[in-house]
Amino acid sequence: MEGRDSLHREASQEPVLRAKGLKKAYGKTLAVDGVDLEVYPGEAFGLVGPDGAGKTTTIKMLVGLIKPDSGSVAIQGQDLHENLKAIKPVLGYMSQEFTLYPTLSVAENLRFFARAYRVPDAEERERTNDLLAFSRLGPFRSRYAGRLSGGMKKKLALSCALIHTPKVLFLDEPTTGVDPVSRQDFWLLLYELLAQGVAILVSTPYMDEAERCNRVALMHEGRLLTTDTPRALCNASTSKIFELRGERASEAFFRLHQAQTSERAELYGRKLSVRVEDGQQGLKEELERIAEEKRLEVTQVPLLLEDRFVEILEAKGHKKRPMPPGGLPFRQREKGKPCIEVEGLYKYFGDFAAVDGISFEVAQGEVFGFLGPNGAGKSTTISMLIGLLHASRGHMNVSGVDMLKTPEMVKGRIGYMSQIFSLYGDLTVMENIELYAGIYGVTGGMFQARKRWVLGMTGLERFERQMTRSLSMGYKQRLALGCALMHDPEIVFLDEPTAGVDPVSRREFFDLIAAMAEKGITVFVTTHYMDEAERCERIALMYSGKIITMGTPDTLKAAKEVPKIVEVHPEDPIAAYNALSKDGWEGGIHLFGERLHVSLDEAKGRDEQSLRRDLERFRIRTIEMNAAKPTMEDVFVAFILQYERAKNQGSSETFP
Amino acid sequence: MRVGPFELEHILAVANKEFREIYRDPRYIAFALVLPIVLLFLYGYAITMDVQNLLTAYVNFDKTTLSARYMDRFASSRYFQVAKEARSRKELEELMERSEIRLGIVIPADFSRKLYGGKRAEVEFLVDGTWPNMANLAIGYVQAVNGAFNQGMLQGLLQRAGLMAPKSPEPIVVEPRVWFNEDLDSLNFIIPGLYAAIFMSFPPILCALAIVREKEAGSIEQIYMSPISSESFILGKLIPQLTIAFTGLVLLALLGTFWFGVQFKGDPLLFFGLGVLYLSTTCGFGLLVSSVTRTQVAAMIGTMILTMIPAFLFSGFFFPISNLAKQFILYSYLFSGRFFVVISRGIVIKGVHLETLYPQVFGLLIYAAAIYAISFFVLRKRL
């Protein structure tokens, strides 16, 4: 079924982009090691992989910004490097960083690129108006680009890359660091382009985002591991995922750990997800035994792209390392008593309330997630919790310390790991460990035990003398965590701890977090990364200085505010998208490769019945149609939109 | 309209964008226009090559009216400021060591006895040689004052001997007639030099920053992706930089003429015409730096080190280039400032015409051709 469309495509269409054997080395490091790919008109092709996989270098070679050491790129059948001048106007490119001119207005930026591409005046006017309407940036046309929000900047950058109507669009991590609402909006813009036959190559570190593409290539260490439609990739798996749900999920996780079969088990809050390979009957039976003992509910769930990625990496020998035996050299703490208590907390910067009266509680040993877009007030809150910033008013108690009275008392009791790599790159692994032990006064036998533990859990036993900067991302993250834990803190604050890390390393990292929580250490994670949010037992959603909702990931997904989602697999997805999204279902249709995700909205009269009726009305033949589970991203978007609606009824322009 | 790799529409688009960005960046304006003015005032007031009010102390072991009169000669001169009478030679030496005085005078005990006895008296002058130029000037002034005293003495002696003083006490008189800078005011020398020196560092720094800023931000990638050629891009970037630098030159020339009162003797049109040529060579230097640096900090520091010091030391601003060691004379050709220092002083102080300045103008033209050829070549390869 999945291959059908690509077969049809090959028969009728030539690829608009074809790359063969691309290689690029920086010094001794092979950044890209033999990449072959083809992209067809009207297709979204996803290049998926962690930071440092070679995505950016690949894209830069595809657009002619970097000359490959070997290999070739052809656009519309012409060699790129030989015909660069002629091909340039066919390409659109949006780099990962914001590369527009911050002190030029939205309209001036567009005008500059129009003139760069010699768009005739009349066409420029029309095109500019179209793009401003399409990106909903019209009301902001005279605002300086530097003063737009993150999401708006991305939309403007996309508009500038589209001013000359390119045939192939290259987007390098267009939604990294963008809030989920803007991300959904951004994809809605891309669907319009796909509908017009533009070919889009998009890179992303997010697996959930990759599912929106027609085809994806999984990239790791400069190579494409595999390329296919997301569904075909998942179907090629030889394993099944079983979920064990219940209060005692973590006990089950540690049981598997003791039995040394934990390397395929992932703890997501109160949910244990285990990948069982076909034929691993023993493991399947053990799971059932454990589930019965711990009173957990077992269900088989669909295998996700990330699971498949991990499976492929495993086959290549990049396996999840089991946690070192013997447990953590930390005190066991009593779980459950309140450890962070915040009530009516405010922080003003001038007149602006960065934190606008929030209240929440976190229990000892809990893994608590703090979600929100950039600028929501997350960092301000964290800064107050760790004593770097004084609260304007309210009540805040962290680990028994009254943070409004004696914030300095908290320092020895908490650990903090910032998003930016905080160790010293020019010190060796050992020197970093010694430095942190020294800072917190950890000495003697305690130091020896923790040093051994850090080396063990990071897997750096034989690399103690290696310079820290030469380690890979995954190792650095674990070492940073180890250093933040040297003094056995009661609470550890982690800021987007696994952003950009490959999926296997991320899983190793979260095993450690589970082990810490088991010891009764409270783990406070701030993130806008959906996978990290799913890992938390409870999450709070922060938006414009307020906590707009709080709960376990599962209860939030089931909340009435979150729209039901129907997955439709039509014969011609673009035609179906065009018909529905222009007539009655505006903004509610999302393309996921060959499938459509339709958000139902009772308030707008969008229910399942009206969907069936409209599908019939537009003569859209469907192969399959069933209910889909909302993702964390859907939850996030739903609550934010609801908050915005409640705040200012009717004005749709305030939310870009 | 296009000429070779230059496309007028693209050049204007880049220049237009650049002007808007500059206009909206107050820090840029401060750096490009306010700082040169600050430098003009700083140097205009601080650097003076005239030596006046030399701090002086003396020991008088003679203690007679004659020796007192001798000292009066120094005290009444505007070149010396007698700060103290020391008791001993040791005290004098200490004053000199503590830099409280630059000149010490020791009048020996037999000063008047010897003179009245028709013998030669020897007065000791201790000069602080830390600043050789000042020391040389000081010695010159000392000799002049001493000479005048001698002459007075001689006349007195002749009169007392009942002899008529000769009609002309000095058989030969030097009649100095100073050209161009009649008052020998060093401002007249410094200010036109500053017109050249200041603009040897600012335009290149700003030019280098303008290009490296886009490299650092990544926006240059969008330019490479577009049909804009690197030549058009660079030219579009240069136009606003040159305009700003030219505005600065006009401002400085106005301040120099009207605030500092340095009379502008030559043709302003010639001055500003050659000024544009000069500024374009210094901008070209910035381009060259921008082609080999990646960050704004590196571009800024690199250009500063490369231009600031040579602007003052190897341009003929302080010292005549002919006084430099041979290898440095060659080195000075790396910076176009050496040409414009001559042009600026020539036009402003001497009021000379173009014919006189041919060597410098040709120098600038060759320099411009060379630096742009190299910059475009390197930038093209790098872009």
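User: Before we start, what counts as buried here?
Analyst: Buried means under 20% relative accessible area, exposed means over 50%, and partly exposed is in between, using a 1.4 Å probe and protein chains only. This is a predicted model, where local features need pLDDT of at least 70, side-chain atom pairs count only at pLDDT 80 or more, and totals for chains, interfaces and linings use all residues. Residues are numbered from 1 along each chain as its sequence is written, chains are lettered from A and ligands numbered from 1 in the order in which they are written, and side-chain values use heavy atoms, with hydrogens and water left out.

User: OK. Phe493(A) and Phe524(A), buried or exposed?
Analyst: Both Phe493(A) and Phe524(A) are buried.

User: How many aromatic pairs are there over all chains?
Analyst: The whole structure has 45. Rings of Phe, Tyr and Trp (its six-membered ring) pair if their centres lie within 6.5 Å; planes under 30 degrees apart are stacked, over 60 edge-to-face, and the rest tilted. Phe493(A) and Phe524(A) make a tilted pair, 5.2 Å centre to centre with 45 degrees between the planes.

User: Where in the chain do those two sit?
Analyst: Phe493(A) is in strand β21 (residues 491–495) and Phe524(A) in strand β22 (residues 522–527), 31 residues apart, so the pair links distant parts of chain A. Helices (H or I, at least four residues) and strands (E, at least two) are DSSP runs, numbered from the N terminus.

User: Why is the pair Phe271(B) and Phe272(B) called edge-to-face?
Analyst: Because their ring centres are 5.1 Å apart and their planes stand at 75 degrees. Phe271(B) is buried, with a relative accessible area of 0%. Ring pairs also link Phe271(B) and Phe272(B) into a cluster with Tyr195(B), Phe246(B), Phe264(B), Tyr278(B) and Phe340(B).

User: Switching topic: what sits over the ring of Tyr268(A)?
Analyst: The charged end of Arg535(A), 4.2 Å from the ring centre. A charge sits over a ring if NZ of Lys or CZ of Arg is within 6 Å of the ring centre and within 35 degrees of the ring normal. Lys153(A) likewise lies over the face of Phe98(A), at 5.1 Å from the ring centre.

User: And what is the strand order in the open sheet of four strands in chain A?
Analyst: The order is β12-β13-β11-β14, with antiparallel pairing. Two strands pair if DSSP finds at least two bridges between them.

User: Which strands stand at the edges?
Analyst: β12 (265–268) and β14 (297–301) of chain A do; each has a single partner strand, so one side of each has no neighbour in the sheet.

User: How many bridges join β11(A) to β14(A)?
Analyst: Five, with β11 (residues 239–245) running antiparallel to β14(A). Ile241(A) stands opposite Val301(A) in β14(A).
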